[in-house]
Amino acid sequence: MPASPSTARVINDRLALRLLQQEGPLTAGQLKQLTGLSRPTVADLVERLTDARLITVVGEAGAQRRGPNAKLYGIVADRAHLAALDVRTESVSVVVSDLVGAVLAEASVPIGGDTGTGPAVEQAVTLVERVAKEAGADRLHTVGIGAPGLIDPVTGELRDSSSLPAWHRRLVAALQERFPEARVNVENETNLAALAEQRDGVARDRDTFVLLWLGHGTGAAVVLDGSLRRGASGGTGEIGFLPVPGTSGPPSALDCAGGFHSLAGSAAIVELAETYGLTVDAASVPEPLAAGVVRAAVALVAGASGEHAGDEDAKGSGASERFLDAFADRLALGVAAVVAVLDPGCVVLGGEVGQAGGEVLAGRVEERVRRMSPLATVVRTTGLGGSAVLRGALLTARDAAQDELFTPPDR
């Protein structure tokens, strides 16, 4: 059935706004060409969107052109302000952007493990208020939060977990109370990282892939046929609980010790490196210790293959090669299990550790998976690293805000 006039207007408006989001400012003529709509229809939607304060004239096209046809229309970026949070076990990072996603202010704050629940929540909320003020945002329209743990697929709330700080769950309610006009959404951090890689990272050419998060802990996000899959209880990708050989025993429902986490979590990576004589000073690296160890090993391997490498480089390279081989062996166990069940065709090594390992680590894992599985699988290194969570949270906040605002009221 043909769309009603009001429905057609909404569809046309959203199409035009999406084009302005993707392409930047456009003239009415360019909108006509890109949408395929008639000139009167485009003139009507431009007037409607301007009246709704969604678009405005931002300049003219061409130095020699003047008049109505030269007007460049762009989205009113300050129509709404958005916040995104990356909530870690011992820190919170915040960015505030405008409606088109341009970052206006950002900051982070450490939150020690011995900080009480109330003070930790207050630190995080105060940080959001401060960053919003620095961005010139009088109010926040949408807040996107990335956090470790399970998100209840029915309520959308962060579920209780004995392994995570209590302030994580309290933070969502506190933000909603402090910013009552804002829509507050929370999503698993690994899922957000996958969405960021899909939109802006190394998985842009993939409708189906798995992101293996390698940071303080381990996790996986599954994207099938372009859609993120969360599972019946929101637990798709809890790969830390995957039973694997080489651990002290199987994991339990309350503790992933004994699962894949025991082989690929940050503490396990640092311990493995130490067995090969590889250590780094925590105070000397501006990243998690596990990522620093992996990055140092990759640098030693690359340095030893250089033109001016010496005996010391070769010695350090040998230990680094063996460490990276052993680490790749561990990662391949988890990747091969995922491949056997999902056949994603592509696995992205994400997080700070995945970024630190780069192509050196990704290539080793791919080689091992190729020997273990008949299913062709490419292994890529993240293009976004640890910033993927914050980027994903901002993308989801922007999408939610635009979904609401890009539907102007019918006149």
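Predicted model: local features only at pLDDT ≥ 70, side-chain atom pairs only at ≥ 80, totals over all residues.
Two packed helices are described by the angle between their axes and the distance between the axes. Helix 1 spans residues 5–23, and helix 3 spans residues 39–51. They pack at an angle of about 80°, and their axes lie 10 Å apart. Angles of 65 to 115 degrees count as roughly perpendicular, so helix 1 and helix 3 are roughly perpendicular to each other. On the helix 1 side, the contact is made by Arg9, Asn12, Asp13, Ala16 and Leu17. Helix 3 contributes Thr41, Asp44, Leu45, Arg48 and Leu49.

In soluble globular proteins, nonpolar side chains tend to be buried together. The largest nonpolar core in the model has 45 residues. Phe209 and Leu211 have the most contacts inside this core. Helix 12 gives the most to the core, with 9 residues. Leaving aside residues up to four places away in sequence, Phe209 touches Ala194, Gln198, Ala203, Ala221, Val222, Val223, Pro344, Cys346 and Val348. Another core, of 42 residues, lies apart from the largest one. Its members include Val244, Ile269, Leu324 and Leu361.

Cys346, one of the residues touched by Phe209, has a relative accessibility of 0% and therefore counts as buried. Cys256 has a relative accessible area of 19%. The cut-off for buried is under 20%, so Cys256 is buried as well. A disulfide is a covalent bond between the sulfur atoms of two cysteines. A search of the whole structure finds 0 disulfides.

Two charged residues were examined individually: Glu187 and Arg391. Glu187 is placed in strand 7, residues 183–188. Its relative accessible area is 11%, so Glu187 is buried. Beyond its neighbours within four places in sequence, Glu187 is in contact with Ile145, Gly146, Ala147, Ile151, Leu192, Leu228 and Arg230.

Arg391 lies in helix 12, which covers residues 388–405. Its relative accessible area is 28%. Not counting residues up to four places away in sequence, Arg391 touches Ala196 and Asp200. Val285 is 106 residues from Arg391 along the chain. The C-alpha atoms of Arg391 and Val285 are separated by 23 Å.

Methods:
Residues numbered from 1 in each chain as written. Heavy atoms only, no water. Axes fitted to C-alpha atoms, helices over the stretch in contact; angles between N-to-C directions. Helix = DSSP H or I, 4+ residues; strand = E, 2+ residues; numbered from the N terminus. Parallel < 35°, antiparallel > 145°, perpendicular 65-115°, else oblique. Contact = heavy atoms within 4.5 Å. Buried < 20%, exposed > 50% of the residue type's maximum accessible area, 1.4 Å probe, protein only. Disulfide = S-S within 2.5 Å. Core = buried A, V, L, I, M, F, W, Y, C linked by side-chain atoms within 4.5 Å.
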